[in-house]
Amino acid sequence: MLKYLKQSLILTVLTIILFGIIYPLFIFAIGQLTYERSIGSPVIANNRTVGFENIGQSFTEDKYFWGRPSAVNYNAASTGGSNKGPTNPEYLAEVNVRLDSFIVHNPGINKTDVPSELVTASGSGIDPHISPQGAYIQVSRIAKTRNLNAEDLKTLVTINIEKPIFGIFGIDRVNVLKLNLALDNLK
């Protein structure tokens with residue numbers, strides 16, 4: 001009996017040392033080697049952090065490109081989707097309200113032309129990206145609001161399209177925060 005107790009205590013101490021000390025220090029070291037990634041890839045403008053590459057933000061003014069709606073109000077501490085399915089009446093009503101609001105702010109666009117990511121939240125609730133189509137469909141509103149040439153805005157969107165990783169993993173996408181920062185810098 002004493003033999004088994006001794007083995008159990010040794011295993012417990014070794015497990016605590018391995019998973020309570022060595023593993024956390026190893027992960028911390030990796031974080032220090034990839035510091036920019038480990039702190040969330042901050043986006044810096046005018047020598048201050050204005051957001052993070054991988055966390056969406058709420059843009060609702062007509063002078064900016066709008067991103068995906070958020071099920072968690074863009075709170076990275078409590079990420080998650082709405083958990084409502086596509087046939088849920090509450091969810092459909094919420095999507096229709098978003099769609100109607102988008103059409104009011106973007107007159108002349110048919111409801112069927114609005115990309116789904118502009119009216120539905122992502123699984124994480126903080127997705128910072130939209131499709132290029134989601135950006136291009138907003139160009140007319142922004143051009144009118146800012147009194148800019150629509151072709152210049154289309155070029156700005158095109159320049160800000162991020163390609164799939166290694167050309168195969170993922171889809172073309174646009175980071176809304178980076179696009180809006182580039183928009184503010186457009187003369």
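Two strands are taken to pair if DSSP finds at least two bridges between them. Helices (H or I, at least four residues) and strands (E, at least two) are DSSP runs, numbered from the N terminus. The model is predicted, so that local features need pLDDT of at least 70 and side-chain atom pairs count only at pLDDT 80 or more, while totals for chains, interfaces and linings use all residues. Residues are numbered from 1 along each chain as its sequence is written, and side-chain values use heavy atoms, with hydrogens and water left out.

Strand S1 (residues 42-45) pairs with S2 in the antiparallel sense, over four bridges. Within this pairing, Val 43 stands opposite Gly 51 in S2, and Ala 45 has Arg 48 as its bridge partner. Two residues lie between the strands of the hairpin, where Asn 46 takes a positive phi near 55 degrees.

A sheet follows further along the chain. Strands of a sheet pair through backbone hydrogen bonds, either parallel or antiparallel. Here the sheet is open, has three strands in the order S3-S5-S4, and is paired antiparallel. Its edge strands, S3 (129-130) and S4 (161-162), each pair on one side only. S4 is joined by two bridges to strand S5 (residues 173-175), and the two run antiparallel. In this pair, Glu 162 is opposite Arg 173 of S5. Helix H7 (residues 176-185) packs on the sheet and touches S3, S4 and S5, where contact means heavy atoms within 4.5 Å. The direction of H7 makes about 65 degrees with that of S5; axes are lines fitted to C-alpha atoms, for helices over the stretch in contact, and angles run from 0 to 180 degrees between N-to-C directions.

H7 also takes part in covering another helix. In helix H5 (residues 139-146), the residues Val 139, Arg 141, Ile 142 and Ala 143 are buried; buried means under 20% relative accessible area, exposed over 50%, and partly exposed in between (1.4 Å probe, protein chains only). The cover of these buried residues includes helix H3 (89-105), helix H4 (132-136), helix H6 (150-159) and H7. After H5 comes Asn 147, whose phi is positive, near 55 degrees.

Two other residues illustrate the accessibility classes. Asn 96 is found in helix H3, and it counts as partly exposed because its relative accessible area is 41%. Pro 107 lies in the loop between H3 and S3, and it counts as exposed because its relative accessibility is 62%. From Pro 107 to Ile 21 the C-alpha separation is 59 Å, and the two are 86 residues apart in sequence.

On a 1 Å grid over the protein atoms alone, a cavity is a set of points where a 1.4 Å probe fits but cannot get out, and a pocket is an open set with protein on both sides within 12 Å along at least five of seven lines; lining residues have an atom within 4 Å of a point. Grid points are joined across faces, edges and corners, and a volume is the space filled by probe spheres set on the points.

The largest pocket holds about 280 Å³ of space. It is lined by 14 residues, of which Thr 60, Trp 66, Gly 67, Pro 69 and Tyr 74 are the closest to its centre. Its lining divides into six nonpolar, six polar and two charged residues; Ala, Val, Leu, Ile, Met, Phe, Trp, Tyr, Cys and Pro count as nonpolar, Asp, Glu, Lys and Arg as charged, and the others, Gly among them, as polar.

The second largest pocket holds about 230 Å³. Strand S2 (48-52) and H7 each supply at least two residues of its lining, and H7 gives the most, with five. The lining includes Ala 45, Asn 46 and Arg 48, and by class it has six nonpolar, four polar and two charged residues.

One cavity of 30 Å³ or more is found in the whole structure. Among the residues that line the largest cavity are Gly 67 and Tyr 74.
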